[in-house]
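This briefing goes through one protein model by topic. Keep the sequence and the structure in view while reading.

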Amino acid sequence: MPAEPVDWVTRAADDAVRHWQQGDTGTPVTVASGISPSGPIHLGNLREFLTAHFVAEELRRRGHEVRHLHSWDDYDRYRKVPAGAPPEWKEHIGKPLTAVPDPWECHSSWAEHFKEPLREALAAMGCVMEEIDQTERYTAGAYTEQVLHAIRHRDAIETVLARYRTKPVEAESEQEAAALADSVIADEQESGDGAFQRFPYKPYCRSCRRDTTAITAYDDATTDLTYTCEACGFSGVTNVATQPEGKLVWKVDWPMRWAYESVNFEPGGLDHSTPGSSYTVGKELVAEVFGGRAPSYVAYAFVGFAGMQKMSSSAGGVPIPADALKILEAPMLRWLYVRRQPKQAFNIDFGPEVVRLYDEWDSLGRKAADPEKRDAQVLAFERASATAAAGRLPTPPVVVPFRLLSSVADVTAGSAELISRIVGDAGHPHDSVDDLQPRLGKAMAWTAEYVAAEDRTTVRTAPDTDRLAALGELEQRWLAELLDRLPDHLELDETTTLIYGVPKLARGLALEDAPTDEVKADQKAFFQLLYNLLVDADRGPRLPTLFLALGSEKVRRLLTH
């Protein structure tokens, strides 16, 4: 048997175990992730969840008790109005995300509007996590002691932050630059003015709920904090010990939670991993201020998108996991993330690349069936295909190439029953349409939503009488040979042999003879003629597939003058 393959998940799990062994081994290994539901949680954000998920799954496979904690950072401020949202929602900038109403009026808040689709997508991918709502944690006073501890040690916090404040942070991509700009804006707006501009705690205004507050005084003995709101003019006093009306600034909040939750592993975007950014600063703060340890860490790169034709307005113009799951089987979407090192950036292409991706996935599945071929690629396939909680994720009982399903869906205008019949005739026997699911539904969705109009196949409704009347002598012979031998019931192999063989017959060869150079040139011209007469184009789906989709009767009608 080959040696056990090793991948990035293996190494990250090793690091998590070492970190856990240095602490309280009587508790579960804690893997964490977190995200702010400030807008569409897109396929780039999905890397945060799946990186932690795959490490948690490997730890479970080894027999460890594991908890995957996911923090919804919904007590963060609403920073900007994303594409697709009403412009007037700018009036809510500065409020906690849970205090911003849902402009589409289908959820209780802005935050919940973007959480729910992600939860559903993660469930479809077999991801199980323990969710933590940061609004609930902060407003219930769960972190009050940690907040007071940070305020008491604000000078030590400032000493650490000051060491990095003058160090420039360079972005490696436009996406990273945008993320860094957002984090800088957030940090600036989390700071106050005057003597308290570096205060580690930021209150929300009691009147307008915005974080546009400037701290003017703080009493260490009573924990009374005085502030004024620059947005609405309100001035007030909040008691930090008894009135949880704010939160720690981000670069202090994150390391506080590492210590509070005893986190052993957590991933983060590259924008959190550069000198002076959240993770590097947090490593020092968690040790020097909170008496804890930074978790083992994996930085991940950005994920791009291509081939998008249309998006819903509420999605903000970026694809979310639910969009990908319309066209990709759940194990395939997982595979795109686990097969690459986290620091490798990649694109998810919703265009023609989807067909090649399915071919690659099916080929890998055949390889995985041979124990002698188990390597890192097969290990990625295994990690993508099953989870500890869900077992094997849904795949079709009868695997039909996606390119065949999508071609037939294109020609048949998405009739599932007709597609099922044609697929059976094409050499993929099955008992019912259900045997082709979920792949059939995804092929139909991809054809309908992501194949450009100019690439769609439009079957003629009537013969092209002008073209048929203008046929040359050789073209007439081709069609006569084809129609003379075309059976009433078409099957893939026989139809393929006939279509490729007609130019051979016209040159006096037998169907089984090898084509000459002259015949090869004739085949090319004959195929183009068939496309012209059947679908009014010079190219289209494979002709045998097209013939099966149309049926013998319709082919005869369109090829007869």
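Helices (H or I, at least four residues) and strands (E, at least two) are DSSP runs, numbered from the N terminus. The model is a predicted one: local features need pLDDT of at least 70, side-chain atom pairs count only at pLDDT 80 or more, and totals for chains, interfaces and linings use all residues. Residues are numbered from 1 along each chain as its sequence is written, and side-chain values use heavy atoms, with hydrogens and water left out.

**Overview**

- The secondary structure of the protein comes to 22 helices and 14 strands.
- The C-alpha trace spans about 105 × 60 × 40 Å along its principal axes.
- Buried means under 20% relative accessible area, exposed means over 50%, and partly exposed lies in between (1.4 Å probe, protein chains only). The protein has 561 residues, and 52% of them count as buried.
- A contact means heavy atoms within 4.5 Å. Among contacts between residues at least 6 apart in sequence, 70% join residues at least 24 apart.

**Two loop residues**

- Asp 73 is found in the loop between strand E2 (66-72) and helix H3 (110-124). Its relative accessibility is 7%, so Asp 73 counts as buried.
- Leaving out residues up to four places away in sequence, Asp 73 touches Gly 34, Ile 35, Ser 36, Pro 37, Leu 97, Gln 134, Trp 250 and Arg 257.
- His 42 is in the loop between strand E1 (29-35) and helix H2 (46-61). Its relative accessibility is 22%, so His 42 counts as partly exposed.
- His 42 and Pro 321 are 279 residues apart in sequence, and their C-alpha atoms are 6.3 Å apart in space. With residues up to four places away in sequence not counted, His 42 touches Phe 305, Val 318, Pro 319, Ile 320 and Pro 321.

- Two strands pair if DSSP finds at least two bridges between them. Three strands form an open sheet in the order E5-E6-E7, with antiparallel pairing.
- Strand E5 (213-218) and strand E7 (235-239) are the edge strands, and each pairs on one side only.
- From one strand to the next, the twist averages 30°. Axes are lines fitted to C-alpha atoms, for helices over the stretch in contact, and angles run from 0 to 180 degrees between N-to-C directions.
- E5 and E6 pair in the antiparallel sense over five bridges. The bridge partner of Ala 214 in E6 is Thr 228.
- The hairpin of E5 and E6 has five residues between the strands, and Thr 223 there takes a positive phi near 65°.
- Strand E6 (residues 224-229) and E7 also pair in the antiparallel sense over five bridges. Leu 225 has Thr 238 as its bridge partner in E7.

**Helix packing**

- Two packed helices are described by the angle between their axes and the distance between the axes.
- Helix H20 (residues 517-535) and H21 pack at an angle of about 30°, and their axes are 11 Å apart. H20 and H21 are therefore roughly parallel to each other (angles under 35 degrees count as roughly parallel, over 145 as roughly antiparallel, 65 to 115 as roughly perpendicular and the rest as oblique).
- On the H20 side, the contact is made by Phe 527, Leu 530, Tyr 531, Leu 534 and Val 535; on the H21 side, by Leu 543, Leu 546, Phe 547 and Leu 550.
- The axes of helix H11 (residues 330-338) and H12 come within 11 Å and cross at roughly 90°. H11 and H12 are therefore roughly perpendicular to each other.
- Pro 331, Met 332, Trp 335 and Leu 336 of H11 make this contact with Leu 357, Tyr 358, Glu 360, Trp 361 and Leu 364 of H12.

**A mostly covered helix**

- Helix H14 (residues 402-411) is mostly covered, with eight of its ten residues buried. Among them are Phe 402, Leu 404 and Leu 405.
- What covers the buried residues of H14 includes helix H10 (321-327), helix H12 (353-368), helix H15 (416-425), helix H16 (439-450) and helix H21 (543-550).
- Ala 413, which follows H14, has a positive phi near 60°.

**Cysteines**

- A disulfide is a pair of cysteine sulfur atoms within 2.5 Å. By this rule, the count comes to zero disulfides.
- The closest cysteine sulfur to that of Cys 229 is in Cys 208, 3.6 Å away, which is too far for a bond.
- Cys 229 is buried, with a relative accessible area of 4%, whereas Cys 106 is partly exposed, at 46%.
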